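Biologist: I would like to learn how to read side-chain contacts and strand order in a model. Could we go through them slowly, one feature at a time?

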Amino acid sequence: MTRARAPGKVILLGEHAVVYGRPAIAVPLPELLAEAEIEALTRGPSGEIWIDAPDIRYSARLSETASDDPLGLVLRLGRRELGLGAHPPLHLSVTSAIPVASGLGSGAAVSVAILRAFGEHFARPFPADRLSELAFEVEKIHHGTPSGIDNTVIAYEQPVYFVRGRPIEVFRIRAPFHLLVADSGRPSPTAEAVGAVRREWQLRPQHYEGLFDEAGRLAEAGRRAIEAGEIEALGTLMDRNQTILEALALVTPTLRNMHSAARAAGALGAKISGAGLGGNLIALIRPEDSDRIAQALVAGGARRVILTEVR
Ligand code: MEV
């Protein structure tokens with residue numbers, strides 16, 4: 001039996017603008033993991049893989065999955081990458097603590113966990129760059145124009161400064177900082193959100209390019225603030241990014257309430273993270289304020305709040 005894991009992720013600054021070539025920064029979320037387990041079976045047709053993902057009530061045989069089935073595609077990509085012809089029948093089980101469609105990278109984390117388990121099962125583990133590239137192929141199913149930031153931060157498991165199409169840059173965190181990750185209880189439909197922004201961008205390109213430029217500048221400044229250990233400055237940048245995400249019409253009334261509640265309770269800054277229209281808000285906090293701000297987030301509409309230390 002081979003087991004492997006991959007973390008969720010949060011985007012600290014720059015989502016959506018990153019699809020249009022601006023920089024964004026993201027960090028892994030090790031508190032929430034996807035896990036894949038591969039077991040060799042003694043019976044069954046050669047090359048068959050039975051897939052079970054009970055969290056999403058999914059059960060299928062690889063040979064019967066459609067070409068756009070994300071789990072089937074991950075396995076086919078893994079098999080092609082290893083140049084495997086026939087192999088003994090296998091069972092793959094996938095579990096994940098990362099809520100689906102929540103802006104926390106569940107799709108990419110599941111892909112990376114499966115690929116890791118698959119490579120290790122055949123004693124040929126995939127390096128991080130290949131894990132990321134293969135998971136990117138699957139991301140294209142989730143929405144047509146992914147920037148690649150999710151698969152990158154999840155495969156490398158390090159803070160990344162990401163610009164679409166450029167080699168990945170990891171960066172150093174001078175002083176660890178704390179985030180509360182608060183779920184609005186409503187799914188974040190990535191394809192819908194990215195599509196809505198694209199339609200508006202087509203109607204008013206100049207205005208939207210201006211917003212993306214500003215988001216890119218915030219991501220650059222955010223990297224510098226993190227590298228210098230200037231955590232309060234990062235909070236200010238997150239609030240300014242939230243204003244842009246408001247202008248992109250991605251903030252629901254619940255997420256807006258949660259933002260105000262977190263700020264009123266002493267968060268250094270807060271913003272939605274990921275595609276928006278639902279999903280999670282991240283609040284930058286001092287650890288000693290964690291309980292108070294978590295309670296305020298729940299009173300403001302959050303269904304679940306997780307504390308994470310970014311280091
Ligand atoms: C999704 O986690 C982040 C978006 O910027 C989409 C993407 O980068 O592909 C909304």
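Biologist: How many aromatic pairs does a search of the whole structure find?

Modeller: Please keep in mind that this is a predicted model. The search of the whole structure finds four aromatic pairs.

Biologist: What describes a pair of aromatic rings?

Modeller: A pair of aromatic rings is described by the distance of the centres and the angle of the planes. In this model, Tyr 20 and Phe 212 are stacked, with 4.3 Å from centre to centre and 15° between the planes. Tyr 20 lies in the loop between β1 and β2 while Phe 212 belongs to helix α6, so the pair ties together parts that are 192 residues apart in sequence. For Phe 118 and Phe 122, the centres are 5.2 Å apart and the planes stand at 65°, which is over 60 degrees, so that pair is edge-to-face.

Biologist: Is Tyr 20 buried or exposed, and which residues form one aromatic cluster with Tyr 20?

Modeller: Tyr 20 has a relative accessibility of 13%, and because buried means under 20%, Tyr 20 counts as buried. Phe 212 is buried as well, with a relative accessible area of 1%. The aromatic cluster consists of Tyr 20, Trp 201, Tyr 208 and Phe 212.

Biologist: Which side chain meets Arg 22 in a salt bridge?

Modeller: That is Glu 209, with 2.4 Å from N to O. Arg 22 counts as buried at 13% relative accessibility, whereas Glu 209 is partly exposed at 26%.

Biologist: Where do Arg 223 and Glu 227 lie?

Modeller: Both lie in helix α6, four residues apart, which is about one turn of the helix, and they form a salt bridge whose closest N and O atoms are 3.2 Å apart.

Biologist: Turning to the strands, what is the order of the open sheet of four strands?

Modeller: The order is β9-β10-β8-β11, with antiparallel pairing. At the edges are β9 (269–273) and β11 (304–310), each of which pairs on one side only, and the twist averages 25° from one strand to the next. Between β9 and β10 (residues 280–285) there are five bridges, and Gly 269 stands opposite Leu 284 in β10.

Methods. Residues numbered from 1 in each chain as written. Predicted model: local features only at pLDDT ≥ 70, side-chain atom pairs only at ≥ 80, totals over all residues. Heavy atoms only, no water. Pairing = 2+ DSSP bridges. Helix = DSSP H or I, 4+ residues; strand = E, 2+ residues; numbered from the N terminus. Axes fitted to C-alpha atoms, helices over the stretch in contact; angles between N-to-C directions. Phe/Tyr/Trp six-rings, centres within 6.5 Å; stacked < 30°, edge-to-face > 60°. Buried < 20%, exposed > 50% of the residue type's maximum accessible area, 1.4 Å probe, protein only. Salt bridge = Lys/Arg side-chain N within 4 Å of Asp/Glu carboxyl O.
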